[in-house]
Amino acid sequence: RIAISPVISDLIKVKYNCDSELIPNGVSIHEQRTDTDHLVRFGLRPGRYFLLVGRMVPEKRQLDLIAAYRSCLPIAWHLVIVGQLTEDRYSRSVSAAASESGVVLTGFLKGDALEQLYSNAGTFVLPSSHEGLPIALLEALSYGLPVLASDIPANLAVGLEPAEYFRLGEVGDLARAMRRCCEQPRNEETRASRRRWIAERYDWHRIAEQTHSLYKTTLLARK
């Protein structure tokens, strides 16, 4: 049994009374993109937008983020939400709220477009109420981005600085944190340090070795 986060490990223990091996998913360290044609397409300026990437479902709490952004206006930053919109009630609610607040909804993105948005974001925000292991958050960190994340166990387990967390569902708390981000200058040295930190903790090579070792031990135990 492999659990990708302490949250999942605890759940397995409580629900099934079983132990598990903690081996997280990894993340690739991406090269910073300097091209900006996709930013131009969405009317964005480098370093001057908040970014959220995720499925368009209630537990991702896009509506909390839009409400927090709306309370920050007028500010010089945009809010960009990446995720596939559907015809369900929640997607319609997000679309309506975004339209009222000038939020950029890009729909589903991948490849060059997504890499450009990650590379040039001012801050990544993850207001989720539920995560197993927040892959989008790890992706943002792999680009060295400043981040804001809700204080749920899975996000806390990533080990960010205390100021990078806000209370789940507290729109005012999130809005204050977003305003602080707008006032902080971009620091390339800090970004480079963050990229090294995430590479050390979520390196795919080390994770593959851990997985291989567990498989090997398990097979030997069955002989």
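The following legends describe close-up views of a predicted model.

**Figure 1. The largest pocket of the predicted model and the residues around it**. The space in the largest pocket amounts to about 680 Å³. Its lining is made up of 31 residues, and those nearest the centre of the pocket are P146, E164, Q184, T190 and R194. Three elements, β7 (147-150), α8 (171-183) and α9 (188-201), each contribute at least two residues to this lining. By residue type, the lining of the largest pocket comprises 14 nonpolar, nine polar and eight charged residues.

Figure 2. Of the lining residues of the second largest pocket, 10 are nonpolar, four are polar and four are charged.

Figure 3. The buried residues of α6 are A136, L137, L138, A140, L141 and S142. They pack against the strands β3 (49-53), β6 (123-126) and β7, and against the helices α5 (111-120), α7 (153-156) and α9. An α-helix has 3.6 residues a turn, so residues three or four places apart point the same way. After α6 comes G144, which has a positive phi, near 80°.

**Figure 4. L137 within the largest nonpolar core**. The largest nonpolar core contains 57 residues. L137 is among the residues with the most contacts inside this core, together with L51, L117, Y118, F124 and M178. When its neighbours within four places in sequence are left aside, L137 touches F124, L126, V147, A149, N155, V158 and L160. L137 is also one of the buried residues of helix α6.

**Figure 5. Cysteines C181 and C182**. A disulfide is a covalent bond between the sulfur atoms of two cysteines. The structure holds zero disulfides. C181 takes part in no disulfide, and the nearest cysteine sulfur, belonging to C182, is 7.0 Å away. For C182, the closest cysteine sulfur is in C72, at 6.5 Å, which is too far for a bond.

**Figure 6. The cis peptide bond from L73 to P74**. The peptide bond that runs from L73 to P74 is cis, and its omega is near 0°. P74 is located in the loop that connects α3 (62-72) and β4 (78-82).

**Figure 7. N17 and R61, two residues with positive phi**. N17 is not a glycine, yet its phi is positive, at about 55°. This residue is placed in the loop between α1 (6-16) and β2 (21-22). N17 has a relative accessible area of 60% and is therefore exposed. R61 is likewise not a glycine, and its positive phi is about 60°. The loop between β3 and α3 contains R61. With a relative accessibility of 23%, R61 counts as partly exposed.

**Figure 8. The exposed residues K110 and E200**. K110 belongs to the loop between β5 (104-107) and α5. Its relative accessibility is 63%, so K110 counts as exposed. Along the chain, K110 and V82 are 28 residues apart, and their C-alpha atoms are separated by 9.7 Å. E200 is part of helix α9. E200 is exposed, because its relative accessible area is 59%. E200 and A3 are 197 residues apart in sequence, and the distance between them in space is 19 Å, C-alpha to C-alpha.

Key
Residues numbered from 1 in each chain as written. Predicted model: local features only at pLDDT ≥ 70, side-chain atom pairs only at ≥ 80, totals over all residues. Heavy atoms only, no water. 1 Å grid on protein atoms, 1.4 Å probe; cavity = no way out; pocket = protein on both sides within 12 Å on 5 of 7 lines; lining within 4 Å. Points joined across faces, edges and corners; volume = space filled by probe spheres on them. Helix = DSSP H or I, 4+ residues; strand = E, 2+ residues; numbered from the N terminus. Nonpolar A, V, L, I, M, F, W, Y, C, P; charged D, E, K, R; others polar. Buried < 20%, exposed > 50% of the residue type's maximum accessible area, 1.4 Å probe, protein only. Contact = heavy atoms within 4.5 Å. Core = buried A, V, L, I, M, F, W, Y, C linked by side-chain atoms within 4.5 Å. Disulfide = S-S within 2.5 Å.
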